Amino acid sequence: ALVGRSGAGKSTALKLVNRMLVSDRGRVSVAGRNVLELDPIALRRQTGYVLQEVGLFPHMTVARNVAVVPTLLEWPTDRIEARVAELLNLVGLPASDYATRWPHELSGGQRQRVGVARALAADPPVLLMDEPFGALDPVTRVELHAEFRGIQSRLRKTIVLVTHDMQEACALATR
């Protein structure tokens, strides 16, 4: 977890990992490789990103939002459909109930869950999370923290979490 005050550079550091920003000094490595040596588009497609505001596409159903990266990677349709169903179930939103819904029909916690599913869709080795629980009410935050810990224990991904909340960092991070 990266913890600090607003304006301290936490989100900037996260954006350096997937080359949304490029550093003018120092080195950022993913899986032992300097990110400047990697194709930025390929790097971003292999790096899940969860935003505080979620960033779901309002003109796409939940299923299509989750399927964005696998579609860009030209996965076969049946593989995409299976992955979408798997991930929606993983985040507690059964595909049979949620796949055809629109983002405006979901609560904030449900939208956040869809954002996590979308970030995991292509099975990236690294997941970047930029204050993903900051805009949620306290009860929903606690619920999502517990779900997040369960997902992390099952998937065993490298996750970089940005937060200004020290309690959240202590609850979710290993470092």
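Visitor: Which residue in β6 does M129 stand opposite?
Guide: L161. Keep in mind that this is a predicted model.

Visitor: How many bridges pair β5 and β6, and in what sense?
Guide: Five bridges, in the parallel sense. Strand β6 covers residues 158-163.

Visitor: What about L2, which residue in β6 is its bridge partner?
Guide: V162. Two bridges link β1 and β6, in the parallel sense.

Visitor: Zoom out. In what order do the strands sit in the sheet?
Guide: The order is β1-β6-β5-β4. Four strands form the sheet, which is open, and the pairing is parallel.

Visitor: Which strands stand at the edges?
Guide: β1 (2-3) and β4 (47-51). Each has a single partner strand, so one side of each is left without a neighbour in the sheet.

Visitor: Where does a helix come in? Which one makes a β-α-β unit with β5 and β6?
Guide: That is α8. The unit is right-handed.

Visitor: Switching to helices. At what angle do α7 and α8 pack?
Guide: About 20 degrees, with the axes 11 Å apart. Helix α7 is residues 108-120, and α8 is residues 138-155. Angles under 35 degrees count as roughly parallel, so α7 is roughly parallel to α8.

Visitor: Is the crossing of α7 and α8 left-handed or right-handed?
Guide: Right-handed.

Visitor: Which residues make the contact?
Guide: From α7, G109, Q112, R113 and L120. From α8, T140, E143, L144, E147, I151 and L155.

Visitor: How do the residues of that contact divide by type?
Guide: Four are nonpolar, three polar and three charged.

Note on methods:
Residues are numbered from 1 along each chain as its sequence is written. This is a predicted model: local features need pLDDT of at least 70, side-chain atom pairs count only at pLDDT 80 or more; totals for chains, interfaces and linings use all residues. Side-chain values use heavy atoms; hydrogens and water are left out. Axes are lines fitted to C-alpha atoms, for helices over the stretch in contact, and angles run from 0 to 180 degrees between N-to-C directions. Angles under 35 degrees count as roughly parallel, over 145 as roughly antiparallel, 65 to 115 as roughly perpendicular and the rest as oblique. A crossing is left-handed if the near helix is turned anticlockwise from the far one by less than a right angle, and right-handed if clockwise. Contact means heavy atoms within 4.5 Å. Ala, Val, Leu, Ile, Met, Phe, Trp, Tyr, Cys and Pro count as nonpolar, Asp, Glu, Lys and Arg as charged, and the others, Gly among them, as polar. Two strands pair if DSSP finds at least two bridges between them. A crossover is right-handed if, with the strands pointing away from the viewer, the path from the first strand over the helix to the second runs clockwise.
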